[in-house]
Amino acid sequence: MSRLPVIRNKRVLATSSSSENGQDFAPAQKKTRKDPEPVKPYAASTIIGTRRPAVAATKAPISRPVRQGAATVAAAPSRGLLKQSTASTAPRGGNIKATAAPTGTKAVTGGAVGTKRQAWDLKGKVTDMESKLHNYQTKVKSVNQENEDLKSTMVKSQTRVTDLEKSVAVQRSQISEYEEELQALSGVREELDKVSSEKTSLEKQLSNLEGKYKVMETLRDSQETELQTLKVMLSVQESTLSHLQLTLRDAEEEVRSLGDTVVQQKDELHAGEMERRRLHNAIQELKASNNVGNIRVFCRVRPLAGGGLSQHLQLPATDNKTITLAKTEESHTGKTADTQKNYNFNFDRVFGPQDSQKEVFEEISLLVQSALDGYNVCCFAYGQTGSGKTFTMEGAEYDEARGVIPRAVTQIFRAAEKLGAQGWEFTFTASFVEIYNETLRDLLYTGKASKRPELEIRKSINNEVTITSLTYEKVTNEDQVLGLIMLANRNRSTAQTAQNDRSSRSHSVFQLDIEGANVGRDVKCKSTLCLVDLAGSERLLKSQSQGERFKEMTAINGSLSNLGLVITALANKDIHVPYRNSKLTYLLQGCLGGNSKTLMFVNIAPELDSFGETLSSLRFASKVNDCVIGTASANRK
Ligand code: ADP
Ligand code: MG
């Protein structure tokens, strides 16, 4: 109970020291001290009325002994409220006198003021003074007493403060201990949370696993049942298997006997194939004109630029073996009628302007088949420039217009595939060579122009003709061959830019070497299919041709007429056949000799102004047609 006011007092002190009043307080004190006028002894009430007592009222109880107005001093510390009002009012003005006076000073000063002594009444004045002094002494005593009280109170308070500070320190340390403990506990709590969530997930896992376990158990049960069923089935199948093995043994025996039958039938088939070849050859020999030779001649007349034919050419509708060249000669005298001269020619076949590439090829497909059967086959196109030789041999790229070479290649690859089923294996080698001015040129050459090798014809001991340094390309399908034909055409046209329209003044020779073997039967065959687009057969008057052109013409005429001579010599069975007189016949001797089948196309241009060339072509062709070269035999071992 007694402590509380002290604390409150302290708090009031603290607030006042930091308040405005507090701030006023220090300078006020200084002012009072510096006051130049010393305290005037005239009135105690005035002294009490100055600011000092107010300051003293607030400060005195703690540090300073108070000497002024005891009543004020005594009143001040005892009541907080009063002190405040004193503190607030005291500094403000002189009317403090009025407020302070009634509280206690009035009695002290009242006598002196009220009863003024006469100047002579010194004794009275001394008495007054003595009583005043006594008053003061009493007051000083009481103030001192009070001061002592306050001091002891302060000591007590200080002890109390120290105690409290100690207890605060103790409590603080306790608080920090608690805080630490709390922190530790919060860590524990987190851990607890974690553990509990882990526990939940583990529980979930456990229940999952339990479920799975149950499923597995069911599965195991069902599989056990299945296993039992399978065991039963297995035993059933084992018995079936042993039964089937018996059946298999029977079947194997049957297969063996069937295999024997197959072998027997293959033998029969092979014999049949050989018989087919013999008959095939016999048919061709019968087909050859007059049944006397192996050179066959086909005549082909190309259409006029606008279609159809001109009148000087007649192809009888009933007969596809005859062609008539008609010439009307005017009477020299004018007295007789104009005479018409007809030249009739017979060939193995005459094709008119309407006959398609396909129809033409059908007629020679038997010959191409012979090449696979082991016969050398040679096919020429003869005629003046522009008569359709290249069209007949090569044709155009699109299907309908394809010529003899691509069609022959197609047929050969297809037939070879069929024969493959009977044990035949074939290899095909293609080459393409040009003969210009009696020089050979490799049309499949792909190297540098400057390094083009010189080609030479060589004859081996067994009379096989080969060309040194020539490109011999192994081919296995039609597309490859078509690619080679395109390459040859490119090679020809590059040469053509140097010497205008060279293709019509050179022979081009496509050769396909065919080697076949029936390994199981030890049968082999070897042959060459030779397809030749000859140089233009037109003859120029010697006066018209000069220089290079003259040289070309001589070479062409030489080789073509030598071709005629070779054929005639072969027909006449001459001992000497002039093969070596030209590169063309030397190269083709294997295909022209007795052991070959030869076909010549004579191509005719239908224009009237080609009459002369047409006549000479037809004459040359019929001379060839009359030749009998003997019967060809297949190259078999
Ligand atoms: P050559 O090779 O004898 O000089 P081409 O084969 O180049 O002659 O033929 C000359 C022209 O006549 C070419 O434009 C060709 O397409 C055309 N031609 C040749 N024969 C026939 C034919 N039977 N049907 C249609 N056009 C043809
Ligand atoms: Mg041509």
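Guide: A salt bridge is a side-chain nitrogen of Lys or Arg within 4 Å of a carboxyl oxygen of Asp or Glu. This is a predicted model, in which local features need pLDDT of at least 70 and side-chain atom pairs count only at pLDDT 80 or more, while totals for chains, interfaces and linings use all residues. Residues are numbered from 1 along each chain as its sequence is written, chains are lettered from A and ligands numbered from 1 in the order in which they are written, and side-chain values use heavy atoms, with hydrogens and water left out.

Visitor: Why is the contact of Arg 349 with Glu 363 called a salt bridge?

Guide: The closest N and O atoms of Arg 349 and Glu 363 are 3.5 Å apart, and the limit is 4 Å, so the pair qualifies. The two residues belong to distant parts of the chain: Arg 349 is in strand 5 (residues 349-351) and Glu 363 in helix 10 (residues 357-372), 14 residues apart. Helices (H or I, at least four residues) and strands (E, at least two) are DSSP runs, numbered from the N terminus.

Visitor: Is Arg 349 buried or exposed, and how do you know?

Guide: Buried means under 20% relative accessible area, exposed over 50%, and partly exposed in between, with a 1.4 Å probe and protein chains only. Arg 349 has a relative accessible area of 16%, so it is buried. Glu 363 counts as partly exposed because its value is 21%.

Visitor: What makes Arg 402 and Glu 478 a salt bridge?

Guide: Their closest N and O atoms are 3.1 Å apart. Arg 402 lies in the loop between helix 11 (389-393) and helix 12 (404-420), Glu 478 in helix 13 (residues 478-498), and 76 residues separate them. At 14%, Arg 402 is buried, whereas Glu 478, at 23%, is partly exposed.

Visitor: How many salt bridges does the structure hold?

Guide: There are 15. One of them joins Asp 267 to Arg 521, with the closest N and O atoms 2.7 Å apart. Asp 267 is in helix 9 and Arg 521 in the loop between strand 12 and strand 13, 254 residues apart. Asp 267 is partly exposed at 38%, as is Arg 521 at 28%.

Visitor: How do you know that strand 12 and strand 13 pair, and in which sense?

Guide: Two strands pair if DSSP finds at least two bridges between them. Strand 12 (residues 507-518) and strand 13 have 11 bridges, in the antiparallel sense; Gln 511 has Cys 530 of strand 13 as its bridge partner. Strand 6 (residues 376-383) also pairs with strand 13, in the parallel sense over five bridges, and Cys 379 stands opposite Leu 531.

Visitor: Why is strand 13 described as largely enclosed?

Guide: Nine of the 11 residues of strand 13 (residues 523-533) are buried, so the rest of the structure largely encloses it.
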